[in-house]
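Please keep the structure in view while reading.

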Amino acid sequence: MSTFKEEDLLFLESLARIHVSVKDKDRLIENINRILSFVEMLHEVDTEKTPPLTHIIKGMKAKLDNDEVRDVLSTEEFLKNAPDRIGGFLKVPVVIEEKDGY
Amino acid sequence: MFSLSAIELSLKFKKKEYSATEIITAFLQRAKNEPYGALLSVLEDRALKKAAELDAKQKSGKTLGLLAGVPVIVKDNILIQGEKTTCGSKFLENYRAPYSATVVTELEKHDAIIIAKANMDEFAMGSSTATSAYHRTDNPWNQDYTPGGSSGGSAAAVAGLLAPLSLGSDTGGSVRQPAAFCGIYGFKPTYGRISRHGLVAFASSLDQIGPFSRSIDDLALISNVLATPCNHDSTSIQTPAEDYLNALDGDICHLKIGVPREFLEGIDPEIRSAFEKFLTTLRECGAQTVDITLPHNNYSVPVYYILAPAEASTNLARFDGIRYTSRSKKAKTLSEVYTFSRTEGFGKEVTQRILLGTYVLSAGFQDAYYKKAQKVRYKICKDYEDAFEKCDVIAFPTTPVPPFKHGSITDPLTMYKQDIFTISANMAGLPSLSIPVGLTKEALPIGIQVQAPQMQDGLVMNVAKAFELKTSFFRLRPPSYQGNDHE
């Protein structure tokens, strides 16, 4: 497997929406590389005929709920934790700038 | 009263030797002055109100719950309506839970009183409670040492007699390892046996809430309260649980205990010798030991460090500065709200795991990492299936080494490898209990794990009961506790 480089980190930062500071960058790249080379040992295991495990409890299927409303959190209750709000809405910075003609 | 078990305390309350208010006032006082850094918040007003309500309930002659008057501490990733739930992160510093977790509702239905929230590694990512954004937690047995993690606060709280019972969460050993380090019981039930509704998700296919206690009877009692089907958790086991207290007859005659001998190579010699003594005691109780093998266990750590970060990167995507986390004051655009808030909010270990998880799930790498790990996870489960053909339960040490000193492990890989013996139970969804079995020469606790097939949680507890009847390790109290056991 190829080495994890600074440009890979940049790409991940954009996917995960986290910025890594210049001072933490080298350490993080080194750690990720060490972890990735450690997990390489999985390739010793022959899994050609092995299915991926997706459910742990044997015979258990994900339970489906009836399509009915229950235990609904009120808007007011929900918005108590909001960092910013206008009336009954979450407030966020302007997404589409106003321009001439719109 | 601090060294009483939950069963004893509840009995004293029911016999009116103590009122709930007296019990809770005493424990709150102790919690407010506790020396271990085990707690993140003390729920004084709420607990006193509940205690007064319980005293009124007793006066009115109503039937009292199984845990009536018992103070309980819960890890700070479990929601209690109206109270802070920080997950050990600055990102959730001001978050107040809008509803209660099912485990909280169940505890309160049975008249337990939650007195505090316990410190933890940030978002449960760590094995020493050192990644908490707030403060470190000390091991009550020796305050230079860590209590383990990620539920280190919950473990230190019970070991340090701040409450007879607490709750943690276990994704790769986060209940069992701190239980071993703190000399108490810590239980990870069968996956789905205890509802995860209201537990802040880390890696949903591995997470389980589990209790800590100082006696096996207390552990069975709280498990009776917690192990109930839940409509709010789609992975909750819908059949009712057995009566765990009833399962504790201590009879393990003819029980076959599987021992994976390969695990013992290279582990700490004192832990190895404690383990052999543990097996001898069980044989004296009439159990047989048989050698088994779990050949893929060595791969459990790499599998875990692919699957858990992958699931975490998805679960933690909800923390974005929009709905309920702190929002960066520097952000001017919507995109900056996301990026700046997450950058400021998450600590280093969490950031590292989110990025790692994002990487293993990203286009081109998913098959090589994520899918490969799921396949090896299948093999780890298959090993258990094969092993349980030859034995009823499996026993091995909870940790390869005794508790370590604060700050002594800084390398992430060395820290991750601490989980070598605990992860596989999460991989396979098995019940697994860490039992306190003694102390090292330096007076640090040692824990041994017993695991059983899924749904046989009571069997695991009964092995502990048999051991408890033959030994007195569970009665040991840390030297930092100066209280009077006979008050």
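## Contact between the chains

In this predicted model, 40 residues of chain A are in contact with 57 residues of chain B. On the side of chain A that touches chain B, at least two residues each are supplied by α1 (6-16), α2 (22-39) and α3 (75-79) of chain A. The largest share, 8 residues, comes from α2(A).

Sorted by class, this side of chain A has 27 nonpolar, 6 polar and 7 charged residues.

## The domains of chain B

Chain B is assigned domain 1 (6-247 + 404-452) and domain 2 (298-366). The centres of domain 1 and domain 2 of chain B, taken over C-alpha atoms, are separated by 26 Å.

Between these domains of chain B, 28 residues of domain 1 are in contact with 21 residues of domain 2. On the side of domain 1 that touches domain 2, helix α15 (residues 423-428) of chain B gives the largest share, 3 residues. The residues of that side of domain 1 divide into 14 nonpolar, 9 polar and 5 charged.

## An enclosed strand

Strand β4 (residues 165-170) of chain B has 6 of its 6 residues buried, so it is largely enclosed by the rest of the structure. A residue counts as buried here if 20 or more other C-beta atoms lie within 10 Å of its own. Both faces of β4(B) are covered.

Which strands pair with β4(B)? Strand β2 (residues 71-75) of chain B pairs with β4(B) in the parallel sense, over 3 bridges, and Val74(B) stands opposite Leu167(B). Strand β6 (residues 208-213) of chain B runs antiparallel to β4(B), and 6 bridges join the two. Here Gly168(B) has Gly210(B) in β6(B) as its bridge partner.

## A helix packed against its surroundings

Helix α4 (residues 102-109) of chain B has 6 of its 8 residues buried, so this helix is also largely enclosed by the rest of the structure. The buried residues of α4(B) are Thr102(B), Val103(B), Val104(B), Glu106(B), Leu107(B) and Glu108(B). They pack against β2, β3, β4, β6 and α7 (216-226) of chain B. Strand β4(B), described above as largely enclosed, is therefore one of the elements against which the buried residues of α4(B) pack.

After α4(B) comes Asp111(B), with a positive phi near 65°.

## Backbone details in the loops

Most residues other than glycine have a negative phi, and most peptide bonds are trans. The following details of chain B may be read against that background.

The loop between β3 (113-118) and α5 (152-159) of chain B holds Ser150(B). A cis peptide bond, with omega about 5°, joins Gly149(B) and Ser150(B). Ala124(B) also has its place in the loop between β3 and α5 of chain B. Although Ala124(B) is not a glycine, its phi is positive, about 70°. Is Ala124(B) buried or exposed? With 30 other C-beta atoms within 10 Å, Ala124(B) is buried.

Leu161(B) lies in the loop between α5 and β4 of chain B. Its phi is near 60°, a positive value in a residue other than glycine. Leu161(B) has 22 other C-beta atoms within 10 Å and is therefore buried.

Methods: Residues are numbered from 1 along each chain as its sequence is written. Chains are lettered from A and ligands numbered from 1 in the order in which they are written. This is a predicted model: local features need pLDDT of at least 70, side-chain atom pairs count only at pLDDT 80 or more; totals for chains, interfaces and linings use all residues. Two residues are in contact if their C-beta atoms, placed from the backbone, lie within 7 Å. Helices (H or I, at least four residues) and strands (E, at least two) are DSSP runs, numbered from the N terminus. Ala, Val, Leu, Ile, Met, Phe, Trp, Tyr, Cys and Pro count as nonpolar, Asp, Glu, Lys and Arg as charged, and the others, Gly among them, as polar. Domain bounds come from an automatic or database domain assignment. A residue is buried if 20 or more other C-beta atoms lie within 10 Å of its own, exposed if 12 or fewer, and partly exposed in between; C-beta atoms are placed from the backbone. Two strands pair if DSSP finds at least two bridges between them.
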